[in-house]
Amino acid sequence: MNPLAIVGRIFLDFLASVGRLTQFAGQGLRHCFAPPFYGRLIFKQMMTIGYFSLPVVGLTALFTGMVLALQIYIGSSRFNAESAVATIVVIGITRELGPVLGGLMVAGRVASAMAAEIGTMRVTEQIDALTTLSTNPFKYLVAPRLWAGVITLPILVLVADIIGVMGGYIVGTHKLGFNQGSYIKNTFDFLETLDVVSGLVKAGVFGFIIALMGCYHGFNSKGGAQGVGRATTNAVVSASILILVANYFVTELFFATK
């Protein structure tokens with residue numbers, strides 16, 4: 001019960017987990033760029049991650065843009081800066097809220113599904129059967145999901161950006177009384193290419209994280225149905241935390257010197 005021993009054990013367990021995750025990510029990346037490529041599986045995962053996640057991401061982006069416009073108007077009216085609503089909405093959506101909220105929503109939906117599917121395959125020995133049939137589990141299960149996550153999330157976030165800006169436009173012009181032409185002009189005048197590009201790069205990183213954590217926790221699940229449930233929970237929690245951590249570092253990479 002030595003407190004230092006407890007802290008040391010926790011720290012060593014953390015380092016061991018980081019090492020296992022890094023090794024798993026390395027294997028997954030290696031198989032992403034080595035033939036054969038399962039195009040049908042990649043397309044199937046793209047549909048699962050992107051197309052079927054579009055309704056929840058679209059609704060999240062729409063109401064986020066609407067609420068953001070309201071809050072910015074209320075705050076900026078204290079300083080007579082109501083004209084900045086359109087500018088702040090488009091920058092906030094494209095740089096931060098679109099990628100982060102979209103990533104978190106997809107993490108809750110997709111990472112859990114991946115962990116449950118692969119975890120069930122693990123506890124029912126289907127992954128061992130793939131190995132017996134000379135099919136590499138990383139090539140068949142992990143690589144298509146990594147490719148699909150990296151490809152699909154930027155497309156999904158781009159759609160979310162458009163919907164979120166449209167939500168701010170609807171509130172700004174129909175509730176707050178902004179002129180439609182002026183609102184659109186302010187939106188495009190102050191929007192820079194870097195704002196959109198940074199958000200799409202974040203989305204690609206988040207897509208990789210989501211797919212990686214779903215595959216990792218499902219691949220290493222054990223203990224029957226209870227283990228699969230635990231892997232599902234861990235996949236969502238770890239993916240969400242890593243998305244927030246990665247968001248800071250990618251933001252610093254793009255905007256630290258500006």
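Analyst: Please note that this model is predicted. Let us begin with the second largest pocket, which holds about 260 Å³ of space. It is lined by 14 residues, and those closest to its centre are V90, I162, V165, T187 and F188.

User: Which elements give two or more residues to the lining of the second largest pocket?

Analyst: They are α4 (85-123), α6 and α7 (180-189). The largest share, six residues, comes from α6. By type, the lining divides into 11 nonpolar residues, two polar and one charged.

User: What is the volume of the largest pocket, and which residues are the closest to its centre?

Analyst: The largest pocket has a volume of about 680 Å³. Its lining comprises 22 residues, with S17, L21, M213, Y216 and H217 the closest to the centre. Helix α1 (3-32) supplies the largest share, namely eight residues, while α8 and α9 (224-255) each supply at least two. The lining consists of 10 nonpolar, eight polar and four charged residues.

User: How does one describe the packing of two helices?

Analyst: One gives the angle between their axes and the distance between the axes. Here, α6 (residues 137-174) packs against α8 (residues 193-219) at an angle of about 150°, and the axes are 7 Å apart. Because angles over 145 degrees count as roughly antiparallel, α6 is roughly antiparallel to α8. The crossing is right-handed.

User: Which residues make the contact between α6 and α8?

Analyst: Among them are F138, L141 and R145 of α6, and V196, G199 and L200 of α8. The residues of this contact divide into 18 nonpolar, four polar and one charged.

Notes: Residues numbered from 1 in each chain as written. Predicted model: local features only at pLDDT ≥ 70, side-chain atom pairs only at ≥ 80, totals over all residues. Heavy atoms only, no water. Axes fitted to C-alpha atoms, helices over the stretch in contact; angles between N-to-C directions. Helix = DSSP H or I, 4+ residues; strand = E, 2+ residues; numbered from the N terminus. Parallel < 35°, antiparallel > 145°, perpendicular 65-115°, else oblique. Left-handed = near helix turned anticlockwise from the far one by under 90°. Contact = heavy atoms within 4.5 Å. Nonpolar A, V, L, I, M, F, W, Y, C, P; charged D, E, K, R; others polar. 1 Å grid on protein atoms, 1.4 Å probe; cavity = no way out; pocket = protein on both sides within 12 Å on 5 of 7 lines; lining within 4 Å. Points joined across faces, edges and corners; volume = space filled by probe spheres on them.
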